[in-house]
Amino acid sequence: MRRNNNKRMFCIGLASLLFLPGLILCAQQPSQPADSPGQAKPQKKTKGDSATQNAPDQPTWDPLRAEKDLEVGLYYMRKGDVDAAIDRFQDATTAKPGYAIPFKYLGEAQEKKGLKKQAVKSYQKYLDLYPHAEDAEKIKKKIEKLYKEQQKKR
């Protein structure tokens, strides 16, 4: 029994000698000045809503964020800010691509804004993802109406 205990202690000691220095070195890397060539320079701020964009190390697919974007987009629709609603619905479609509901609301917002071609695409995507939707006939009629309006303009 004592022999097994000694072997176990030896293995633990050996493992700590092999791995601990590497961990310490990784944890204590000196910070580089901003001018050094090895470090990326901070990006310039751009116009637009960057709060809804994922950080580079975050996954694109985020169903919780999609639900929040939907909720906020509907709020903007009620307040009459169609542009902000469109942005949020588009973010929801990116965060959860197979989710049909954001495409329906995106189509409604685009239709309200007068973006008929985009609205038709959004409505069609909604029907593609959710062909047996309760409101499928209503959406098909909207698509037909918008398509006819596009043809009149040509």
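**Confidence, aromatic pairs and salt bridges in a predicted model**

Where pLDDT is low, the predicted coordinates should not be read in detail. The structure is a predicted model, in which local features need pLDDT of at least 70 and side-chain atom pairs count only at pLDDT 80 or more, while totals for chains, interfaces and linings use all residues. Residues are numbered from 1 along each chain as its sequence is written, and side-chain values use heavy atoms, with hydrogens and water left out.

The chain has a mean pLDDT of 77, and 62% of its residues reach 70 or more. Among the helices (DSSP runs of H or I, at least four residues, numbered from the N terminus), confidence is lowest in helix α1 (residues 2–27), with a mean of 53, and highest in helix α4 (residues 101–113), with 97.

Aromatic pairs are rings of Phe, Tyr and Trp (its six-membered ring) with centres within 6.5 Å; planes under 30 degrees apart count as stacked, over 60 as edge-to-face and the rest as tilted. The count comes to 3 aromatic pairs. The pair of Tyr75 and Tyr76 is tilted, because the ring centres are 5.9 Å apart and the planes stand at 55°. Tyr126 and Tyr130 form an edge-to-face pair, at 6.0 Å centre to centre and 85° between the planes. Tyr126 is buried (under 20% relative accessible area; exposed is over 50%, partly exposed in between, with a 1.4 Å probe and protein chains only), at 2%. Tyr130, at 37%, is partly exposed.

The structure holds 9 salt bridges, each a side-chain nitrogen of Lys or Arg within 4 Å of a carboxyl oxygen of Asp or Glu. One of them joins Arg65 to Asp69, with the closest N and O atoms 3.4 Å apart. Both residues lie in helix α2 (residues 63–79), 4 residues apart, about one turn of the helix. Arg65 is buried at 16% relative accessible area, and Asp69 is buried at 2%.

Lys113 and Asp83 form another salt bridge, at 2.5 Å from N to O. This pair links distant parts of the chain, with Lys113 in helix α4 and Asp83 in helix α3 (residues 82–95), 30 residues apart. Lys113 is partly exposed at 41%, as is Asp83 at 40%.

Definitions and conventions
pLDDT is the predictor's confidence in each residue, from 0 to 100. Helices (H or I, at least four residues) and strands (E, at least two) are DSSP runs, numbered from the N terminus.
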